[in-house]
Amino acid sequence: MNQLLLYVPFQDPSLLWEMWHGSVVAAATVLVLRLLLRYAILPLLHRLKDRLGQSFFEDVLQSFERPILTYFLILALYVFIVFSPVPLLAQHPSIDRILRSCLILCVFKGIYNLCDAGGEGFLRHFLQKTNLNVHQALAGLLSSVLHVLIAVLAFAMVAREWNYDISAFIASLGIGAMAFAFAAKDTLANVFGSLVIVMEKPFQIGDWIQVNNIEGIVEDVTFRSTRIRTFYQELAYVPNNLLSNAPITNCTRRQRFRIQYMLGVTYGSTREQLKAVCDAIRSYCEQAPHIDSRDISVFFYEFGDSSLNIRVVCYVAAEHYSQYLAYRHEFNLALLRILEENGVSCAFPSQSLYFETPLETRTPAPADDGKA
C-alpha cells in the first residue's frame, strides 16, 4: 500500500495534485497573508506612525517587522507539512514543537532588537521619558545586560518546549555569576554605583559639584567613573563606587547664593551713624531686584577688638556663579557708597599701647659747631 502511494502519483499527475492540493492551498494562503502584511499593513502602520509622531511605535515596527515576516514563512512550511498526505510528516510530534520554538525565537528576536533600536535609542528614550538622562556608554551597558537576559530566557523557554531539564543549566549560571562577581567585584561596584547615580540623579552633566575634596564641572558619566573638570582646568576621574557612597554637594541646583558680611567700622562712629548705615543697607537690599527680600538681616552685631561690627546677611537669585559674582560686585559698591554718604570709615586691625609710667622726654643735645 505504501509503495502504491509513492509510485502512483508520479504515474498520474491528477492524483498527485489531488493528494497535495490541501497542502499547497494552505501554504499559499499563508504566503498571501505574508505579502498582504508586508506590502499593505506594515506600510499603513508606518504612515500612521508619521501622523502620530510616536518614536516608540517606530521602534516597535522596526524591531518586530523581520521576525514576523520570518515566522510567516515558517508557518507556511508548517501548514504545508501538516496538510500533506504523508503521515510520517503530518503526524510527527516534533512538528508542533518546532513551530512553538520558532514562535518563541521570533518573539524574543523582536524584543532583542527593540532593546537595541537605533543604538540604544529606545532604551535611552525610555529612560529620558522617566527623567533619567543616561550617558550613551551606560545605556550601552544596560542594553548589553538586557540582551544577555533575553538570550538566556529564550534558550530556557525553547529547552522547556523540548522537555529538557534546565535546572542544572540555571545552577551553572548561578555558580558562574558568583565566580564572575567575585573576580570583578570592583568593576561591578562601579557599575552599581553608576546605576545609583542614574536612579537618584544627584547631578547631571554640566553641574558644578563638590565631592571627595574635588570641586568642578561634571563633563562625563560612564559606567565606571565620572569625569570632573576642576576650576584649575584639571581632569579628575572619580570611581562611581566612591561617588555613590560619598556626600555630594550640587552647587548648580541651589536656588539662592548667600552673601554674608561682618562689616567693621571705626570706633569713632557715632550711634546715629551706625543706625543710619544699618537702615541704608537694609533699604538697599529690599529695593534691589536680584536680592531676595524675605531673608535680610542687617544689625549692629558686636563690639570687636578694633571695630564696631555690623552683620549683613542676604541672598541673591543667580542662575550661575559668574552672575552671582556680578551681583556681589554691585553689592560691594553699594556698601562703599552708603559708608561714604554717612561719613563712616571701615576699620582695620589695630592696637593701642598705653604706658603706665610716662616715657621720659629728652632734650636733644646741641649740635657741635666746631667753636671753642
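Mentor: Strand E1 (residues 208–211) and E5 pair in the antiparallel sense over two bridges. Strands here are DSSP runs of type E with at least two residues, helices are runs of H or I with at least four residues, and both are numbered from the N terminus. Two strands pair if DSSP finds at least two bridges between them.

Trainee: Which residue stands opposite Asn250 in E5?

Mentor: Ile209 does.

Trainee: In what order do the five strands of the open sheet run?

Mentor: The order is E4-E3-E2-E1-E5, with antiparallel pairing. Strand E4 (235–239) and strand E5 (249–250) are the edge strands, and each pairs on one side only.

Trainee: Before we go on, what kind of model is this, and what are the ground rules?

Mentor: It is a predicted model: local features need pLDDT of at least 70, side-chain atom pairs count only at pLDDT 80 or more, and totals for chains, interfaces and linings use all residues. Residues are numbered from 1 along each chain as its sequence is written, and side-chain values use heavy atoms, with hydrogens and water left out.

Trainee: What is the mean pLDDT of the protein chain?

Mentor: The mean is 78, and 73% of the residues reach 70 or more. pLDDT is the predictor's confidence in each residue, from 0 to 100.

Trainee: Where is confidence lowest, and where is it highest?

Mentor: Lowest is helix H1 (residues 2–11), at a mean of 46; highest is H11, at 93. Over residues 1–8 the pLDDT is below 50, and beyond near neighbours in sequence this stretch has three contacts in the model. A contact means heavy atoms within 4.5 Å. Where pLDDT is low, the predicted coordinates should not be read in detail.

Trainee: Noted. How many helices and strands does the protein chain have?

Mentor: There are 12 helices and eight strands. The protein chain has 372 residues, and 31% of them count as buried. Buried means under 20% relative accessible area, exposed means over 50%, and partly exposed is in between, with a 1.4 Å probe and protein chains only.

Trainee: Back to strands. How much of E8 is buried?

Mentor: E8 is mostly covered, with eight of its nine residues buried. E8 pairs with E6 in the antiparallel sense over nine bridges. Ile259 has Cys314 in E8 as its bridge partner. Strand E7 (residues 297–303) also pairs with E8, antiparallel, over six bridges. There, the bridge partner of Val298 is Val312.

Trainee: How many residues sit between E7 and E8 in their hairpin?

Mentor: Four.

Trainee: What about Asn309, buried or exposed?

Mentor: Asn309 counts as buried because its relative accessibility is 8%. Asn309 lies in strand E8 (residues 308–316). Its side chain makes a polar contact of 2.7 Å with that of Ser307. A polar contact is a pair of N or O atoms within 3.5 Å; within protein, one must be able to donate a hydrogen and the other to accept it, and residues adjacent in sequence count only if both atoms are side-chain atoms.

Trainee: What does Asn309 touch, leaving out residues up to four places away in sequence?

Mentor: Its contacts include Met262, Leu263, Phe299 and Tyr301.

Trainee: Switching to rings. How many aromatic pairs are there?

Mentor: The count is five. Rings of Phe, Tyr and Trp (its six-membered ring) pair if their centres lie within 6.5 Å; planes under 30 degrees apart count as stacked, over 60 as edge-to-face, and the rest as tilted. Tyr261 and Phe331 make a stacked pair, 5.7 Å centre to centre with 25° between the planes. That pair links distant parts of the chain: Tyr261 is in strand E6 (residues 257–265) and Phe331 in helix H12 (residues 321–341), 70 residues apart. Both Tyr261 and Phe331 are buried.

Trainee: Why is the pair of Tyr284 and Phe331 called tilted?

Mentor: The planes of Tyr284 and Phe331 are at 45°, with the centres 6.0 Å apart, so the pair is tilted. Tyr284 is in helix H11 (residues 271–287), 47 residues from Phe331 in helix H12. Tyr261, Tyr284 and Phe331 form one aromatic cluster.

Trainee: Which ring does the charged end of Arg282 sit over?

Mentor: The ring of Phe299, 5.5 Å from its centre. The rule is NZ of Lys or CZ of Arg within 6 Å of the ring centre and within 35 degrees of the ring normal. Arg311 lies over the face of Tyr301, at 5.9 Å from the ring centre.
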